[in-house]
Amino acid sequence: MKNQFLRGRLVALLGAALVGFVACSGPALAQQKTAKACQDEWRANKDANQAAGITEKAYVDKCRAGGAAATPGAAPAATTTTPPAAPGAAAADQKSAKACQEEWRGNKAAYQAGGITEKAYVDKCRAGETVAIPAIPPAAPPAATPASAPAGTPAATPAAKPAPAAKPSPAAATTAATGANEFPQEALAKAHCPTDTVVWANLKSKIYHFGGTKSYGTTEEGAYMCEKDALGQGVRAAKNEKHP
């Protein structure tokens, strides 16, 4: 009988202790966050946490332990003032070597006649210098043949020999521009249609070629024309060439 009384007393004490422990630890367990909830908080302010050097693992550990892991304010981006580029450097960055080559080839006949090589043009173009299109000089008229002096007349001092005429470019030499809107020089065609593409029309094959191709300005019986004029005269584009 005494043992039963002691056993009942012990069970009552243990039950009371268990109820007290649950009552004390209940609020703490309710306030504890799951690892996923802490991860979601860190990822919601990922940029600010990374900027402050707080890793996701460190944040989750502190969050689950009940510590307040405050989200730091994102550091303002540093303002970098770019110094002004030197005039020469800015001009050199304006055009690429390919763009300068295309410009020279677009006025190949005029530049060749003016003695400006492609390499010299590209060097000046990339350095920011403006290279004007030289005018092709007209052929000098033939010197008049002096009349024969009568016998016994002292020989006159011979006149100075005129300077030889500038040799025309290969493109101009093969030109046979005879129809309307056909030009012997590329510069004349560009002046006629400044907003259209200038092509080299092979008047014999009725096919035109674009600037930069091997047939541009080199075929026989050809002329520089505006593309729309060439199409209007039944001349078609070469199939193996890409429109610029």
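Predicted model: local features only at pLDDT ≥ 70, side-chain atom pairs only at ≥ 80, totals over all residues.

User: Which cysteine is Cys63 bonded to, and how far apart are the sulfur atoms?

Analyst: Cys63 forms a disulfide with Cys38, and the two sulfur atoms are 2.1 Å apart. The pair links distant parts of the chain, since Cys38 belongs to helix 2 (residues 35-44) and Cys63 to helix 4 (residues 56-64), 25 residues apart. Cys38 has 0% relative accessibility, so Cys38 counts as buried.

User: What's the handedness of the Cys38 and Cys63 disulfide?

Analyst: The disulfide of Cys38 and Cys63 is left-handed, because the torsion about its S-S bond is about -70°.

User: How many disulfides does the structure hold?

Analyst: The structure holds three disulfides, and, with bonded cysteines counted along the chain, they follow the pattern 1-2, 3-4, 5-6.

User: OK, what about Cys100 and Cys125?

Analyst: Cys100 and Cys125 form a disulfide with their sulfur atoms 2.1 Å apart. Here Cys100 lies in helix 6 (residues 97-106) and Cys125 in helix 8 (residues 118-126), so that distant parts of the chain, 25 residues apart, are linked. The torsion about the S-S bond of Cys100 and Cys125 is about -70°, which makes the disulfide left-handed. As for burial, Cys100 is buried at a relative accessible area of 0%, and Cys125 counts as buried at 6%.

User: And where do Cys193 and Cys226 lie?

Analyst: Cys193 lies in the loop between helix 10 (186-192) and strand 1 (198-202), while Cys226 lies in strand 3 (residues 222-226), so the pair ties together parts that are 33 residues apart in sequence. The sulfur atoms of Cys193 and Cys226 are 1.8 Å apart, and the torsion about their S-S bond is about -100°, so this disulfide is left-handed. Cys193 and Cys226 are both buried.

User: Switching topic: what volume does the largest pocket have, and how many residues line it?

Analyst: The volume of the largest pocket is about 320 Å³. Its lining has 18 residues, and those nearest its centre are Glu102, Phe210, Gly211, Gly212 and Pro244. The lining divides into six nonpolar, five polar and seven charged residues.

User: Which helix gives the most to that lining?

Analyst: Helix 6 gives the most, with four residues, and helix 6 and helix 10 each supply at least two.

User: How many salt bridges does the count come to?

Analyst: The count comes to seven salt bridges. Among them is the one between Glu56 and Arg43, at 3.0 Å from N to O. Glu56 lies in helix 4 and Arg43 in helix 2, so this pair ties together parts that are 13 residues apart in sequence.

Notes. Residues numbered from 1 in each chain as written. Heavy atoms only, no water. Disulfide = S-S within 2.5 Å. Buried < 20%, exposed > 50% of the residue type's maximum accessible area, 1.4 Å probe, protein only. 1 Å grid on protein atoms, 1.4 Å probe; cavity = no way out; pocket = protein on both sides within 12 Å on 5 of 7 lines; lining within 4 Å. Points joined across faces, edges and corners; volume = space filled by probe spheres on them. Nonpolar A, V, L, I, M, F, W, Y, C, P; charged D, E, K, R; others polar. Salt bridge = Lys/Arg side-chain N within 4 Å of Asp/Glu carboxyl O.
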